Amino acid sequence: MIKRLGTGLAVLWAAATASYVALLLAPGDTVDILIGDGPDTPEIRVKIIAEWGLDRLEIVQYLSYLWRLLHGDLGRSYQLQRGVGEILAGQVGPTTQLTLAAAGTGVALAGIIAIVTAGRGRLLRGAASAAELVSVSVPPFLMGIVLLQVFSFTLGWFPVSGAQGPRALVLPALALGLPIAGVLGQVLRGGLERSLEQPFAVTARARGLTERALVARHALRHALIPAVTLAGWFTGTLLGGAVITEVLFGRPGLGQVAMQAVTGRDMPVVMAVVLLSAVVYVTISTLLDLAYRVIDPRIRADR
């Protein structure tokens, strides 16, 4: 765990440094970049120079930036005239709701598909593989457009945009969760089929354990390790896909904030979104490392 925490801190430091270097390398004066499309007055310029230490040596500026981050100070958006932390805090809830719903949808569908099709006939497995291939190949934004056209515009079952009530969450969660279900379903099915051929499975069958009980009690647990490894991949998929999905479905959240910050050249907000994404990724990776030990006790014994 000490090694994992050290690696996580190194990743966060690299993300913070990369954001700061991007600010310095951006064409134009640093003060102009930080102001972006916001109001430009001599008072604001003086405030920016003082806050970012632009009148000091570059190494001092960099260390001051890291020091502020360590104290939770993400800076200020001079376009919105608000603290960046305040802006992000107001949008974390809707994005968390969407990503958790999408992850839950993807994992649930993958588990159902894998359990139903593992070890079954070629026709059933072929149909499942074709559906998984389609879900993985179609980008989330295109999937979202299709879902909107069918279930909102044509059938009218779900609202077109907004975040009012659980019904407004269904289509965005499906648009983000289907690609996850496609990949995890393939991996889980392959893991289950390998597990069902292991000696422990033969022994369990000889003792009279039914196939369903064998899958639920033993095989599924063995198949989870490669699937859990992919959780890092779909964390990145969710973070990236949430930006487009929130804009497409007109939902509030960090995706909308990031898009507006990029188009409006609000650099402090862009840098903060990058750092927040790194924090989420490091946290998920650490939790996965703990999950390995829970799923497979042999990992604890080896380490």
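Predicted model: local features only at pLDDT ≥ 70, side-chain atom pairs only at ≥ 80, totals over all residues.
Two salt bridges are present in the structure. In one of them, the side chains of Asp 32 and Arg 45 are joined, with a nitrogen-to-oxygen separation of 2.3 Å. This pair connects distant parts of the chain, since Asp 32 belongs to helix H2 (residues 30-35) and Arg 45 to helix H3 (residues 42-52), the two residues lying 13 residues apart. Asp 32 is classed as partly exposed because its relative accessibility is 37%, and Arg 45, with a relative accessible area of 25%, is likewise partly exposed. The other salt bridge is formed between Arg 82 and Glu 86, whose closest N and O atoms are 3.6 Å apart. Arg 82 has a relative accessibility of 34% and therefore counts as partly exposed.

Packing between helices was examined for H1 and H4. Helix H1 (residues 2-25) packs against helix H4 (residues 58-70) at an angle of about 130°, and the axes of the two helices are 11 Å apart. At this angle H1 and H4 are therefore oblique to each other, and the crossing of H1 past H4 is right-handed. On the H1 side, the contact is made by Trp 13, Ala 16, Thr 17, Ser 19 and Tyr 20, which meet Glu 58, Gln 61, Tyr 62, Tyr 65, Leu 66 and Leu 69 of H4. By residue class, the contact of H1 with H4 comprises seven nonpolar residues, three polar residues and one charged residue.

Note on methods:
Residues numbered from 1 in each chain as written. Heavy atoms only, no water. Salt bridge = Lys/Arg side-chain N within 4 Å of Asp/Glu carboxyl O. Helix = DSSP H or I, 4+ residues; strand = E, 2+ residues; numbered from the N terminus. Buried < 20%, exposed > 50% of the residue type's maximum accessible area, 1.4 Å probe, protein only. Axes fitted to C-alpha atoms, helices over the stretch in contact; angles between N-to-C directions. Parallel < 35°, antiparallel > 145°, perpendicular 65-115°, else oblique. Left-handed = near helix turned anticlockwise from the far one by under 90°. Contact = heavy atoms within 4.5 Å. Nonpolar A, V, L, I, M, F, W, Y, C, P; charged D, E, K, R; others polar.
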